[in-house]
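This briefing goes through the two chains shown below, their contact and their packing.

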Amino acid sequence: MNQPVLECKNICFSYHNLKGETKALTNISFQVNRGEFLAIVGPSGCGKSTLLSIIAGLLKPESGEVLLNEKEQGHIGYMLQQDHLLEWRTIWKNILLGPEINKTLTREKEALAGKLLEDYGLSKFKDKKPSELSGGMKQRAALIRTMVMEPGLLLLDEPFSALDYQTRLSVSADIGKIIRASGITAILITHDLSEAISLSDRVLVLSKRPARIKNSIPIQLTLKDSSPLAARNAPEFQDIFNLLWKEISDEYRGD
Amino acid sequence: MNRKSTNSTLKGEALTAQQLYIKKHHKHHHFVTILRLLVLVLFLAIWEFSGRLGLIDTFFFSSPCMVVTFFIEMLRDGSFFTHTGITLLETLISFLLITIISILSATLLWHSKTLSEIIEPFLVVLNSLPKSALAPLFIVWLGTGINTIIVAGISVAIFGSVINLYTGFKSVDSEKLKLIQTLGGNRFDAFLKVVLPSSIPTILSNMKVNIGLALVGVIIGEFLAARRGLGYLIIYGSQVFQLNMVITSIIILCVIAMGLYQCIQWTEHYYKKRA
């Protein structure tokens with residue numbers, strides 16, 4: 001359990017344009033253990049998404065390094081803010097996009113995709129176009145598209161932020177349960193503190209730009225094994241929420 | 001009992017209201033169609049009778065009856081088929097080449113940002129140039145023949161087409177490109193899976209413009225460098241004061257332009273239905 005899957009060492013990153021340099025990340029160092037669900041919160045625009053892109057290898061850090069356990073190398077799943085299902089493909093064709101690109105489309109993959117559709121309650125919508133699905137269903141289809149790749153590490157970049165509040169609660173609960181059940185290591189970026197507390201094992205708080213790690217708060221709720229929705233009723237929930245709220249609002253006060 | 005009868009009348013009324021609406025819609029539709037035909041018939045009638053009554057000189061203005069007679073003559077001696085056929089062939093070849101070349105060039109520009117930055121001002125200048133000015137050059141370079149005419153057809157549409165397609169390719173949501181990256185795909189995958197399929201509506205609407213422009217270019221080419229084709233007939237007819245020939249050719253051109261446009265329209269319709 002305590003084997004690190006990912007280790008970030010002194011990551012720094014800046015954006016450049018002709019007007020000058022914008023420092024986004026300074027000396028970010030942390031570890032994620034196998035099976036852990038880590039949430040990262042921070043003021044908006046602090047560089048959370050940048051950090052995730054660096055972990056995924058889409059951006060190169062200016063200094064510092066990202067160390068991945070061998071088993072997880074090349075097996076990172078990434079879920080974006082929007083579902084980005086391709087409208088000209090059916091749901092089935094959409095969820096098989098990853099294997100299609102990697103030329104790993106086998107019988108087993110199709111069987112896995114079929115099973116995931118079944119598990120997430122979307123098998124009836126297999127041949128439908130994305131526009132025929134509700135927002136929550138689309139986000140679940142996007143999760144299947146990520147899970148079909150059998151990732152060892154799952155990166156979630158505010159995957160619920162495009163949904164309305166009701167859907168958001170139920171989809172985040174659903175997806176939280178799915179990720180817990182599969183035992184996959186996950187990093188969730190969010191600005192919703194309740195979401196972070198109810199889903200994760202540990203919350204990293206980032207400061208405002210240039211982001212550094214301000215605090216790392218382990219979450220141990222007495223109701224942990226029940227659903228993420230029920231977790232919001234845990235007795236410790238309010239205390240942790242207040243603690244996080246204080247950490248974040250300190251950051252805004254500086255402005 | 002009483003209540004039931006009220007219900008049925010209500011339902012009856014609702015149906016009639018819908019029927020009335022549909023009836024009104026059809027009536028309006030028929031009205032427009034009839035008026036359109038009337039405008040056409042009226043125009044032809046005025047044209048014919050002002051010729052017969054001596055209000056206009058049919059030597060310069062021809063007349064519907066003379067056009068029909070000339071058309072039948074063209075059908076009989078087969079010249080209709082040679083001239084229309086060659087114009088149609090040249091237009092289709094130009095159109096096909098425009099489509100292929102512009103998709104390939106736009107792909108190349110999308111692939112390399114530096115290349116597109118270098119090429120862009122040249123494209124803009126060439127696109128705003130009146131392309132008919134180039135036709136005499138093509139004659140010098142390529143002689144008089146089908147090649148010159150096809151190149152003239154291509155030159156009218158190609159630059160605008162490349163610019164339009166490139167703009168279309170560029171406007172694809174960058175987050176969708178990121179998605180392909182997160183799934184392990186490279187830029188080529190992104191092009192095949194996202195850029196090209198999402199640009200099909202742009203490509204089709206671009207084709208609709210191009211087919212018309214190709215015809216314009218081909219006619220310009222035929223004016224200057226042909227011995228066959230509708231453009232040649234128009235120029236030749238005007239030089240020998242055979243206005244029947246000119247007007248008949250223009251009418252055939254109208255029909256061709258409409259037909260070609262319709263073909264693309266149908267393709268587009270078929271694509272939308274399937275998608």
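How many residues of chain A are in contact with chain B, and how many of chain B with chain A? In this predicted model, 13 residues of chain A meet 15 residues of chain B. Chain A has 9 helices and 9 strands, whereas chain B comes to 12 helices and 0 strands.

**Contact between the chains**

- Helix H3 (residues 97–102) of chain A supplies the largest share of the chain A side, with 4 residues.
- By residue class, the side of chain A that touches chain B holds 9 nonpolar and 4 polar residues, and no charged ones.

**Chain A**

- The secondary structure of chain A consists of 9 helices and 9 strands.
- Chain A is as compact as a globular protein of its length, because its radius of gyration of 18 Å is close to the 18 Å that the globule rule gives for 255 residues.
- The C-alpha trace of chain A spans about 50 × 45 × 35 Å along its principal axes.
- Of its 255 residues, 40% count as buried.
- Among contacts in chain A with a separation of 6 or more, 73% are between residues 24 or more positions apart.

**Chain B: overall form**

- Along the principal axes, the C-alpha atoms of chain B fill a box of roughly 80 × 70 × 30 Å.
- Chain B is divided into domain 1 (2–56) and domain 2 (64–274), and the C-alpha centres of these two domains lie 38 Å apart.
- Of the 275 residues of chain B, 30% count as buried.
- Residues 24 or more positions apart make up 72% of the contacts in chain B with a separation of 6 or more.

**Chain B: UniProt annotation**

- An unreviewed UniProt entry places the feature "transmembrane region" at residues 29–47, 54–72, 92–110, 211–235 and 241–264 of chain B.
- Residues 92–110 of chain B are 100% helix and 0% strand, with end C-alpha atoms 27 Å apart.
- Residues 211–235 of chain B are 84% helix and 0% strand, and there the end C-alpha atoms are 22 Å apart.
- For "domain: ABC transmembrane type-1", UniProt lists residues 84–262 of chain B, again in an unreviewed entry.
- In the model, residues 84–262 of chain B are 86% helix and 0% strand, and the end C-alpha atoms of this span lie 18 Å apart.

**Nonpolar core**

- The largest nonpolar core has 117 residues.
- The residues with the most contacts inside this core are A:Ile40, A:Val41, A:Ile144, A:Leu155, A:Ile187, A:Val203 and B:Ala214.
- Helix H7 (residues 146–170) of chain B gives the most to the core, with 13 residues.
- Leaving aside residues up to four places away in sequence, A:Ile144 touches A:Ile95, A:Ala113, A:Leu116, A:Leu117 and A:Tyr120.

Terms used:
Residues numbered from 1 in each chain as written. Chains lettered and ligands numbered in written order. Predicted model: local features only at pLDDT ≥ 70, side-chain atom pairs only at ≥ 80, totals over all residues. Domains from an automatic or database assignment. Contact = placed C-beta atoms within 7 Å. Helix = DSSP H or I, 4+ residues; strand = E, 2+ residues; numbered from the N terminus. Nonpolar A, V, L, I, M, F, W, Y, C, P; charged D, E, K, R; others polar. UniProt positions renumbered as here; feature names shortened; annotations may be inferred. Buried ≥ 20, exposed ≤ 12 C-beta atoms within 10 Å, placed from the backbone. Core = buried A, V, L, I, M, F, W, Y, C linked by C-beta atoms within 7 Å. Rg over C-alpha atoms; globule rule 2.2 N^0.38 Å.
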